[in-house]
2 protein chains.
Amino acid sequence: MSKELTSRAEDYSQWYNDLVIKGGLADYSAVRGCMVIKPYGFALWENMRDQLDKMFKETGHVNAYFPLFIPKSFLSKEAAHVEGFAKECAVVTHYRLMNDPNGKGIVVDPDAKLEEELIVRPTSETIIWHSYKDWIQSYRDLPLLINQWANVVRWEMRTRLFLRTAEFLWQEGHTAHATKEEAIEETKKMLDVYAEFVETYMAVPVIKGVKTASERFAGAEDTYCIEAMMQDGKALQAGTSHFLGQNFAKAFDVQFLTKENKQEYVWATSWGVSTRLIGALIMAHSDDQGLILPPKIAPQQVVIVPIYKGEESKAPIDAKANEIMASLKVKGIRVKYDNNDNSRPGWKFAQHELQGVPVRIAMGLRDLENKVVEVARRDTKEKNSMSLDGLADNISNLLEEIQQNIYNKALAFRTEHITTADNWDDFVKLLDGKGGFISAHWDGTAETEEKIKEQTKATIRCIPLNNKQEAGVCILTGKPSTQRVLFARAY
Amino acid sequence: MSKELTSRAEDYSQWYNDLVIKGGLADYSAVRGCMVIKPYGFALWENMRDQLDKMFKETGHVNAYFPLFIPKSFLSKEAAHVEGFAKECAVVTHYRLMNDPNGKGIVVDPDAKLEEELIVRPTSETIIWHSYKDWIQSYRDLPLLINQWANVVRWEMRTRLFLRTAEFLWQEGHTAHATKEEAIEETKKMLDVYAEFVETYMAVPVIKGVKTASERFAGAEDTYCIEAMMQDGKALQAGTSHFLGQNFAKAFDVQFLTKENKQEYVWATSWGVSTRLIGALIMAHSDDQGLILPPKIAPQQVVIVPIYKGEESKAPIDAKANEIMASLKVKGIRVKYDNNDNSRPGWKFAQHELQGVPVRIAMGLRDLENKVVEVARRDTKEKNSMSLDGLADNISNLLEEIQQNIYNKALAFRTEHITTADNWDDFVKLLDGKGGFISAHWDGTAETEEKIKEQTKATIRCIPLNNKQEAGVCILTGKPSTQRVLFARAY
């Protein structure tokens, strides 16, 4: 069967790729590093996006749209931003094509060279703060709480579907505030929104923390993050929220008149999550048979498969299936009736398993006579006969149970994979063996952090929020330390 | 008052620009020809997009996402497509920046030149049909009914906010079918969806028709369109739906196995509407005081303004306003309480008028004593006292009445501005005077069409669907003609 997946044990990385492609989530494209998000993958993204968008609006944010292109000179305006960030970009240099004078297709018109090159946005702080200069004059214009859903491009050399692609979809919030305190509060609030979304909807537990100076966003004073654990023991940064201080306000000269009639620079935040979350979702939950999707964001929550021989037995099953569909839809359940005659039930079962539909209902004539259906849940693969009486309520409860179970399983795995290391040998052994987060002391210097990374490929994922303070010694240098931080190899 | 608009009579074009900018819909950006869609404009677009998306899904379509970039060679694959279309594009030639060796900011890294240039999509037929080749093998894979919401770039020399910008947002549907009949049916179905959306939600009447050969989309066999009439008597193409025949299937070699076991080329359609629709909306309805927005897509449908002096009178008004808000929200009405203390009621009234909020409710202490509020409708500027009893129902009805009234007014204007011309003098006089659509005979040749355009700047907007057949003579050449077509100057 061509749909068969490489197992996780055999080759985790190939398993992931198989799953994305055979599961119909995404595909490679003709452009190096750019993916096509296929309808099933996009339906998943729509559910994630719509829920996040709702949460942004509930916290007072509005959407807007800023240009795709950024004048090259803008990137140099904030020194740290350009240094840490802006090199691997798609650069637009011309604005016209022409017929090849030698008759070989089309060529770039050499006369249509731009005076200043345009960069396809890798992130939009600069172009947005350029606008904010016009929009912000007084404290009355603050706070400005704007989000944008957009495509961005970063010219990555090694790409993987969803996890690292040259073009990806994301949202980027860019807010402006009158005070430092308010901006920091916003930064943390959005981190909480991300954590709530990823845990409650994606069923992936995350650790909230702050990045070390070397892992900060280029131009930020502080980068907060949520870190998730994948089934191969590697970490994945699932979202970041940056306190930008007055860096971009100063770079773009955005000042405002305070209530006290003074001119002051504005305080800023930015925060984003991307289609990378889909990669996290896949790797956190799925198994060797295919995707396991949390009901809250699954494109289809329930699929009904009729089991019949011959047309005459199909009619009563169709009728009952439509009844069940209607009763599920009333409860807001996304349900599909897979009555395609071209494929057999066994093939359909495998397909729905591959695509991670949380609940499968199978029903034949005999089931109907007995007033039952067969209900299979994707997460545990348990099958049960369920009475038609109260079916919609029971399915609704089952979906909640599945959501919770998927989360619990991921949480147990993560708890199991946070390990303390108190010396270098243990640290290296853990990384190469069990994997996961390693909680260890570090002397607080960028030098040591860099050495550890060079020697082990492990990075400091974060300093957890409300971290316990305790005296210890750095696992590499033996110098004194006041707290443990979380190390891991990461995506 | 800085919010004052240029009047339509004084300078229609300036009136439009004032409205877009002062109404907070969009702004110029730092990049030539690219606009910023501001939160109020984007909220409008979201309402339009969400409704269209719903209608696409109800007609069986799914969303996906294809790359922003198109390899240059793809554009040459369909001969008519490249000829008619692909010249004014943003071209990506490099993928990296570097620090200027002379220390002056950053420069393009000359070593990072792409082997093949990438074009920022002006439309996505080519990149999508490249994928379809992999996705379509058999009749079982058809039809493929995919839509994409995306940004596209066309390097326009003269730009106007919303109407013609280098970058704009749109949706593009790209469908694949087993038969010609089915593809044509799809093309017409989507034209109907567009017409229904624009008429029912945007309250803009449209004429459905088909383009002449010279006005066809590059690569299409037939381009269907909906044409709207603006208040200055110019036409605006509000949406197009293309029957592409087998042109793209042949260019990208997309064949499928029929039920009869034969290999055949796939039939295609594409269809799109863009943020240009916002321009149409503004110009169809608004007046010298500001926007007039149809309730069905207005970001806010109702605004409540409290009228009070001193804090003690504010509390009971607040309480009643919250009650009214709740009762309106229950009915799904988008309502805002404008209780900002920083501005006076008169300023707020002008602001809401400028931004086209369909219904304004003003309430002071004396109103509450009398158990009434003052209700002002934006479209007619009528003000009425309305009882608090049954207010929510009455407001709900009023919103429907406003929606209908705005449509009726636009329809009356359009009806008034379709004029028959039977000779050249009348034709030119009408164009320079009354404007609007001119229904006239044309000899059916591209040469004549081009001459008329050169001499008058008028184009054939469309040959209306189900057009009456009648014998006549061409207004320019006097040659025989079998039907009238609609001419106009257009945006």
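Q: In this predicted model, what makes A:Val335 part of a strand, and which one is it?
A: A:Val335 has its place in strand 18 of chain A, residues 335-337.

Q: Why is A:Val335 called buried rather than exposed?
A: Count the C-beta neighbours: A:Val335 has 22 of them inside 10 Å. The cut-off for buried is 20 or more, so with 22 A:Val335 goes down as buried.

Q: Which residues does A:Val335 touch, leaving out those up to four places away in sequence?
A: Among them are A:Gln300, A:Val302, A:Ile304, A:Met325 and A:Leu328. To be in contact, two C-beta atoms must lie within 7 Å.

Q: And how far is A:Val335 from A:Glu83?
A: Their C-alpha atoms are separated by 50 Å, and the two residues sit 252 residues apart along the chain.

Q: What makes strand 5 and strand 8 of chain A a pair?
A: Pairing takes at least two bridges. Strand 5 (residues 91-94) and strand 8 (residues 113-120) of chain A have 3 bridges, in the antiparallel sense. In strand 8, A:Lys113 is the bridge partner of A:His94.

Q: How do you know that strand 5 of chain A also pairs with strand 5 of chain B?
A: Again, at least two bridges are needed, and these strands have 3, running antiparallel. Here A:His94 stands opposite B:Val91.

Q: How many residues does each chain bring to the contact between chain A and chain B?
A: Chain A gives 56 residues and chain B gives 56 residues. The chain B side divides into 35 nonpolar, 11 polar and 10 charged.

Conventions: Residues are numbered from 1 along each chain as its sequence is written. Chains are lettered from A and ligands numbered from 1 in the order in which they are written. This is a predicted model: local features need pLDDT of at least 70, side-chain atom pairs count only at pLDDT 80 or more; totals for chains, interfaces and linings use all residues. Helices (H or I, at least four residues) and strands (E, at least two) are DSSP runs, numbered from the N terminus. A residue is buried if 20 or more other C-beta atoms lie within 10 Å of its own, exposed if 12 or fewer, and partly exposed in between; C-beta atoms are placed from the backbone. Ala, Val, Leu, Ile, Met, Phe, Trp, Tyr, Cys and Pro count as nonpolar, Asp, Glu, Lys and Arg as charged, and the others, Gly among them, as polar.
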